[in-house]
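Hi,

Here is the two-chain model I said I would pass on.

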Amino acid sequence: MRVMVFVKATEDSEKGLPPTEDMTAMFEAMGKFNEELVNAGVMVDGDGLKPSSHGKRIAFDGPNRSVIDGPFAETRELVAGYWVWEVKDMDEAVAWAKRCPNPMPGPSELEIRPFYEMEDFGDALTPELAEQEQKLRERLSGE
Amino acid sequence: MAKDETHRAIEAVFRIERARLIATLARMTRDVDRAEELAQEALLIALTEWPKSGVPDKPGAWLTAAAKRRLIDGARHEAMRTRKQAEIARELDEEPDMRVEAVEAAIDDPLGDELLGLIFAACHPVISPEARAALTLRLVGGLTVEEIARAFLSNDAAVAARITRAKKAIAKAGVQFEVPRGAELTARLGSVLEVIYLIFNEGYAATTGPSLVRPPLCAEAQRLARILAGLMPEQPEVLGLLALVEIQASRLAARAGPDGRFVPLTEQNRARWDQLLIRRGLNALARAEALDGADGPYALQAALAACHARARSAEETDWVRIAALYDRLGRAMPSPVVELNRAVAYSMAFGPEAGLRLVDAIADAAALRHYAPLPAARGDFLFRAGRTDEARAQFEAAAALSGNERERDFLLARAAACAP
């Protein structure tokens with residue numbers, strides 16, 4: 001199964017990059033962990049994100065769209081980085097996540113969320129729906 | 001945490017460590033069965049100890065130390081019975097320090113050599129390719145016999161027997177659990193790549209059974225290819241194979257329609273292709289090519305898959321480039337199957353007659369005598385050339401040869417579409 005692992009933001013991560021020497025130590029520890037993930041065939045993707053002060057939100061309300069500039073409050077709900085892992089089950093994802101060096105100077109959290117898989121849609125994607133989608137595609141491609 | 005939950009957490013840690021643990025133990029005991037037993041015993045010890053002590057910082061080293069202690073205890077008990085075990089006991093006794101830190105230092109294995117050694121042993125050419133696949137899934141992938149049997153639509157007893165035979169063959173041939181060097185490495189690596197691709201293909205183009213694809217088997221093969229690429233990042237063909245399985249797997253969701261029916265590449269909904277896997281595949285291919293590996297058989301097949309991955313619609317496919325890549329693949333890996341695919345590429349690039357000319361040249365190849373894709377391709381060329389009567393006969397012949405129910409339905413539908 002494929003999971004996304006979120007590194008949740010903290011007040012520290014929202015301030016931007018830490019001082020160089022702290023960052024070097026963090027890169028080293030994280031690099032070692034990432035190498036383990038790669039050698040186990042678990043890591044598929046991953047990266048770090050800039051603080052929410054660099055971000056924007058698009059708010060939807062009926063036909064209206066408004067753009068909200070960062071930074072955003074609710075720091076604990078923000079994301080500072082992510083991985084995509086392929087694992088056998090959630091137990092394995094949890095076991096790997098526990099091995100991660102603390103990504104932040106203070107207390108922090110990782111959050112693991114499984115992707116939807118083909119079979120999750122099951123009967124929801126009926127042949128009728130598929131046909132409908134096919135017709136729509138044909139119209140779009142002008143056939 | 002509830003007891004069950006604790007056990008599950010410990011078992012998850014064990015699963016992460018299992019392959020390397022078995023690799024270390026197999027190298028010590030030169031006996032895969034014994035290595036598996038000892039690993040299992042180490043798990044049982046962990047299940048009693050860790051709920052009290054917590055999961056240790058270095059669980060791999062801890063488990064190795066526990067298994068090693070069991071090995072020594074066992075060897076001491078049996079010391080008088082056989083000389084071999086006495087030797088092992090003596091050898092192990094000479095290693096003075098059994099603390100976790102010492103074991104950790106001793107198995108300080110940044111290159112993953114032990115795991116690689118196990119992979120090379122499980123894929124040793126003294127074993128048949130099917131048995132290699134089963135043994136690799138068992139030892140490296142950690143699948144149970146039941147899971148392997150289900151994956152290959154076989155029964156448990158047959159798979160268990162196959163694995164037992166494979167282990168005996170390894171023991172009899174005196175296979176070392178080491179990574180081969182020099183010229184031997186090249187030859188043995190071919191055998192490893194073959195096994196991983198065999199596992200992948202059994203998931204991607206199931207040769208038998210009711211369903212067209214078996215994604216869990218593809219996932220296992222991808223994982224093995226990723227592990228190998230992590231451990232051997234300088235081997236272009238490893239990267240070529242990784243690129244090939246990543247790009248092909250990107251189409252898994254689009255390959256079977258919602259009703260389970262086979263959807264050919266040119267008709268697939270490309271929006272359902274997994275862009276993350278395509279990106280990973282293209283990246284691996286670029287690395288293989290940068291290592292002068294562009295003309296390796298796997299890299300060439302990956303380059304072919306990449307041509308499709310890069311085309312946003314079937315019409316945009318660069319068939320001339322694909323035909324040229326098949327010319328190179330035919331030289332790197334001459335085979336009637338490659339020639340057949342070359343014919344398909346030529347038919348797309350230069351018209352159905354070009355395909356028919358190439359396919360006629362291989363019509364008598366023994367390897368293709370019962371090969372459904374041959375009449376299926378010829379049927380397609382004939383159909384496109386407007387020779388529908390001849391096309392129908394070819395599609396019907398192909399359907400009769402196909403072992404996969406979904407593929408058969410597809411071919412019969414094409415035969416029916418040949419009605420005047």
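Below is what I found, starting with the overall picture and then going into particular spots.

**Confidence**

Keep in mind that this is a predicted model. The predictor gives the complex an ipTM of 0.80 along with a pTM of 0.85. For chain B the average pLDDT is 88, and 90% of its residues score at least 70.

Chain B is made of helices: 21 of them, with zero strands. It has 420 residues, of which 45% count as buried. If you take the contacts in chain B between residues at least 6 apart in sequence, 62% join residues at least 24 apart.

Going along the sequence, the order in chain A is β-α-α-β-β-β-β-α-β-α-α. Of the 143 residues in chain A, 17% count as buried. For contacts in chain A with a separation of 6 or more, residues 24 or more positions apart account for 73%.

**Where they meet**

How many residues of chain B are in contact with chain A? There are 21 on the chain B side, and they touch 17 residues of chain A. On chain B, α1, α11 (215-231) and α14 (275-290) each supply at least two residues to that side. The largest share, seven residues, comes from α11(B). By class, the chain B side divides into eleven nonpolar, four polar and six charged residues.

**The core**

The largest nonpolar core has 142 residues. Those touching the most other members are W85(A), I22(B), L118(B), I119(B), I196(B), L241(B) and A302(B). Helix α1(B) gives this core its largest share, twelve residues. In general, nonpolar side chains in soluble globular proteins tend to be buried together.

Setting aside neighbours within four places in sequence, A302(B) is in contact with G240(B), A243(B), L244(B), I247(B), G281(B) and L285(B).

**Helices in chain B**

Two packed helices are described by the angle between their axes and the distance between the axes. For α7 (residues 129-139) and α10 (residues 182-204) of chain B, the axes come within 9 Å and cross at roughly 85 degrees. That angle makes α7(B) roughly perpendicular to α10(B). On the α7(B) side you will find P129(B), R132(B), A133(B), T136(B) and L137(B), which meet E194(B), V195(B), L198(B) and I199(B) of α10(B). The residues in this contact are six nonpolar, one polar and two charged.

Further along chain B, which residues of α18 (residues 352-361) are buried? They are G355(B), L356(B), L358(B) and V359(B). Their cover includes α17 (336-350) and α19 (373-384) of chain B. An α-helix has 3.6 residues a turn, so residues three or four places apart point the same way.

**A loop in chain A worth a look**

The loop between β4 (64-69) and β5 (79-86) of chain A holds F72(A), and P71(A) and E74(A) lie in that loop too. A few backbone and packing details there:

- The peptide bond from G70(A) to P71(A) is cis, with omega near 0 degrees.
- F72(A) counts as partly exposed because it has 17 C-beta neighbours inside 10 Å. Apart from neighbours within four places in sequence, F72(A) is in contact with S52(A), R57(A) and L78(A).
- F72(A) and L17(A) are 55 residues apart in sequence and 17 Å apart in space, C-alpha to C-alpha.
- E74(A) has a positive phi, near 45 degrees, in a residue other than glycine. E74(A) counts as exposed because it has 8 C-beta neighbours inside 10 Å.

**And one in chain B**

R30(B) also has a positive phi, about 55 degrees, although it is not a glycine. R30(B) is placed in the loop between α1 (3-29) and α2 (32-53) of chain B. Is R30(B) buried or partly exposed? With 16 other C-beta atoms within 10 Å, R30(B) is partly exposed.

Cheers

Notes. Residues numbered from 1 in each chain as written. Chains lettered and ligands numbered in written order. Predicted model: local features only at pLDDT ≥ 70, side-chain atom pairs only at ≥ 80, totals over all residues. Buried ≥ 20, exposed ≤ 12 C-beta atoms within 10 Å, placed from the backbone. Helix = DSSP H or I, 4+ residues; strand = E, 2+ residues; numbered from the N terminus. Contact = placed C-beta atoms within 7 Å. pLDDT = per-residue confidence, 0-100. Axes fitted to C-alpha atoms, helices over the stretch in contact; angles between N-to-C directions. Parallel < 35°, antiparallel > 145°, perpendicular 65-115°, else oblique. Nonpolar A, V, L, I, M, F, W, Y, C, P; charged D, E, K, R; others polar. Core = buried A, V, L, I, M, F, W, Y, C linked by C-beta atoms within 7 Å.
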